[in-house]
Amino acid sequence: MKKLFYKVLFLFLFVTSVNAQSLKDVVCIVKSNLSEKTTTFLTNYRDSLKKQGYSKYASSIDSYLKGSFGSGFVYEASNGKKYIITNRHVVSDAETATVQFEKNDGTYDEYKDLKIIAVDDDLDVALIEFPSTVRKTAIPVKTSSVNDGDDVWTAGFPGLAGKPAWQFGKGSVTNSSARIEELVSPEVSVVIQHSAQIDGGNSGGPLLVKNSSSAYGYSVVGINTWKALNRENTNFAIPINAVVSFVNEAISKKNSNSSITGRLNNFNASISNKDETFGRMASYISNDMVSSISSKTFLKITDGASKDAQEVILANFVVDPLAGIRYALASYVWNVFRNKGNLLPYTTSNPDSEDNFYNVTFVVNEKNQYTSKWIEEQGIWKLADFNGLVSEDGASVGVTGVSISNPYSFNIYGGAACYPFETPLSFTVGFDIVTEDLLSLGFFYSSDEIAGQGYNILNAKAKLMIPVNFGKFILIPYGFYGFGTFLEKDGSAFDFTFGSNYGGGIEFVYDMDSFAPYVGVQYCGKSFKPDPFEDLKYSKNSVDVLIGIKLGKNSGLSLW
């Protein structure tokens, strides 16, 4: 699956030259502005996580709400207008963007609420409007290819102590045309591999070469986007010629994603491509849809996803909560359509609405119909609702402090009878495998004395549960029924019969994320016939105290 960016290992700050100082006039900090709806949505989710004791994930949302930033630069397009260019992942969840230019005295020229005109998911590039009243000379670009060994420079605002700090670094081109499918499909573009310094926050900033005729002393040859984790000084930039093509298509509206028909055709092609993965669908999920899905629906989708998909959802959620939810929705849409053949889309607009959207019905194999709503977001048509997921939910519904689900897959336990308390002691050990939230199957062994005779009891058991989660504490009332063998102690190998166990109880569980210890108390009835052909029947009732541990936490449910 394509990775949008790499985690940063170290932060450095470099002394800049006179030319680098002047570059601050055109190289800027780019901050994403979340919509009020999205902010409210994330706040509700954060509060719900805190209430349920998941402080790790709540803190992820807290960090995200503080805001993220990257770098960008002023670019003059073929239509004579100036824009800000940055990476798509810098503004992926944003409604608008704010850009800041640092001045020599440490203050900033700031331009707020700029519109995100277009984005390209394949290239990871975004185009942001820039006020026409601002007088700035854009930095020139050099569209001809660079060569291995060429000197290059990076400029931008990577984070230092959590804040953007100017950094200007020098290196060389180590591979002028790297083909790395995990970053950009080679069919779309190569990438420039170089050794000039980049760190977290450099994303979207320019890769530069010397140009004595430029007012800034440099020209742009690429956009810094990725950094390899497991190698030193291995950084990657998108060639500027690919970016120029994207900008020209965006301002002329020739990009296939700018029309609803082209977007639906691309959607159909992705679904039909057997080499694609569900992550591709994430580019079709709008921010509006992400911030409109209720927690109940999110949990249901995540729990129904494959284990691989759950790992992707969780890993993204920790870094970017909205991305985690986006991948969950992508998995759902993917699973609906995958392996069902080509789609035949019928598109109808709603002329009576002030909103610019299309209602689209997908017909599969001429019989199965799926409804959807598409809106234009960041210059691209994206899904705002699918099969009524949003309309059935209501918007931005936060989870409550109580939920009913079993977040663990295995249960190992042991215990002894507290009533009647006898000698020899009656005890039980066993394990359960949770097949659904409310149902588990397992085996248990019990040693007991019934009607004056000792028995070794081995039973299979089905257990019906109602796990009620109060944050870190889980209360699980349950009932069970088991059937198996009752083998006489000190008897021959043939002194056994079949009987049943039945009863119910309650478990008090403390969720410690990776495992959960618990104590419980249960009523257990045992019943069997020593001779199946006679009416004589033995039975015994007891109250047992159990201790155990739950393991194998479900990665999807562990978010909540």
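**Loop geometry, cores and helix packing in a predicted model**

P420 lies in the loop between β20 (408–419) and β21 (427–436). In this predicted model, the peptide bond joining Y419 and P420 is cis, with omega at about -10 degrees. Most peptide bonds are trans. C418 is partly exposed, at a relative accessible area of 42%.

Most residues other than glycine have a negative phi. D124 is not a glycine, yet its phi is positive, at about 60 degrees. D124 sits in the loop between β5 (108–120) and β6 (125–129). The residue is buried because its relative accessible area is 1%, under the 20% limit. N233 also is not a glycine and has a positive phi, here about 55 degrees. The loop between β13 (218–227) and β14 (235–239) contains N233. N233 counts as partly exposed, because its relative accessibility of 49% falls between the 20% and 50% limits.

The chain as a whole has 560 residues, of which 52% are buried. Its secondary structure comprises ten helices and 28 strands. Among contacts with a separation of 6 or more, 64% link residues 24 or more positions apart.

The largest nonpolar core contains 59 residues. Within this core, L23, V30, I84, I85, V91, V99 and L208 touch the most other members. Helix α4 (residues 240–252) supplies the largest share, seven residues. The surroundings of V99 can be listed in detail. With neighbours within four places in sequence set aside, V99 contacts C28, I29, V30, I84, D109, E110, Y111, L114 and F130. C28, another partner of V99, is buried, with a relative accessible area of 0%. A second core is separate and has 48 residues. Its members include F41, I285, W334 and L383.

W334 also takes part in a contact between two helices. Helix α5 (residues 260–272) packs against helix α9 (residues 321–337) at an angle of about 75 degrees. The helix axes are 10 Å apart. The two helices are therefore roughly perpendicular, as the angle lies in the range of 65 to 115 degrees. On the α5 side, the contact is made by F267, S270 and I271. On the α9 side, V333, W334 and F337 make the contact. Five of the contact residues are nonpolar, one is polar and none is charged.

N335 also belongs to helix α9. N335 is partly exposed, with a relative accessibility of 46%. G304 is 31 residues from N335 along the chain, and the C-alpha atoms of N335 and G304 are separated by 10.0 Å.

A disulfide is a covalent bond between the sulfur atoms of two cysteines. A search of the whole structure returns zero disulfides. The chain does contain cysteines, among them the buried C28 and the partly exposed C418.

Terms used:
Residues numbered from 1 in each chain as written. Predicted model: local features only at pLDDT ≥ 70, side-chain atom pairs only at ≥ 80, totals over all residues. Heavy atoms only, no water. Axes fitted to C-alpha atoms, helices over the stretch in contact; angles between N-to-C directions. Helix = DSSP H or I, 4+ residues; strand = E, 2+ residues; numbered from the N terminus. Parallel < 35°, antiparallel > 145°, perpendicular 65-115°, else oblique. Contact = heavy atoms within 4.5 Å. Nonpolar A, V, L, I, M, F, W, Y, C, P; charged D, E, K, R; others polar. Disulfide = S-S within 2.5 Å. Buried < 20%, exposed > 50% of the residue type's maximum accessible area, 1.4 Å probe, protein only. Core = buried A, V, L, I, M, F, W, Y, C linked by side-chain atoms within 4.5 Å.
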